[in-house]
Amino acid sequence: MAYVDGFVLAVPRRKLATYRRISRAAGKVWLEHGALEYRECAGDDLKVKSGVPFPTLAKARAGETVVFSWIVYKSRASRDRVVARVMKDPRIVKSMKEPMPFDAKRMSYGGFRLLVDM
């Protein structure tokens, strides 16, 4: 059964182009190593009237938007293999030494098993 890694983070709007560039490069690496999908979405309609709005969840500050991302794998075992390879890939190792365009301490992430897949 498919497995998903999900991420929610706040990114300064002025750094979205940089974030997109980094994400496109990272996505290529993930897909090369076996991920089935790699998606990065910037907040657009975040002023909801019920529940916890994503900006609150991500502790977004003035001038920031929320990025909601996910990576799909064939299974959890596949995810574990893909992530192990990605973390050793020289392109990712190099990029992790560069400053990120967001505060990683406020990023939320985790692995999820599918409940419904339509």
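A: The lining of the largest pocket draws at least two residues from each of S1, H1, strand S2 (37-42), S3, H3, helix H4 (90-95) and strand S4 (108-113); helices (H or I, at least four residues) and strands (E, at least two) are DSSP runs, numbered from the N terminus. The model is predicted, with pLDDT of at least 70 needed for local features and 80 or more for side-chain atom pairs, while totals for chains, interfaces and linings use all residues. Residues are numbered from 1 along each chain as its sequence is written, and side-chain values use heavy atoms, without hydrogens and water.

The volume of the largest pocket is about 680 Å³. A pocket here is an open set of points on a 1 Å grid over the protein atoms alone, where a 1.4 Å probe fits, with protein on both sides within 12 Å along at least five of seven lines; lining residues have an atom within 4 Å of a point. Volume is the space filled by probe spheres set on the points, which are joined across faces, edges and corners.

Of the 27 lining residues, Phe 7, Trp 30, Met 87, Phe 102 and Met 107 are the closest to the centre. H1 contributes the most to this lining, five residues. By class, 19 lining residues are nonpolar, five polar and three charged, where Ala, Val, Leu, Ile, Met, Phe, Trp, Tyr, Cys and Pro count as nonpolar, Asp, Glu, Lys and Arg as charged, and the others, Gly among them, as polar.

Two of these central residues, Phe 102 and Met 107, are also among the residues that Leu 9 touches, contact meaning heavy atoms within 4.5 Å.

Methods:
Lists of a residue's contacts leave out its neighbours within four places in sequence.
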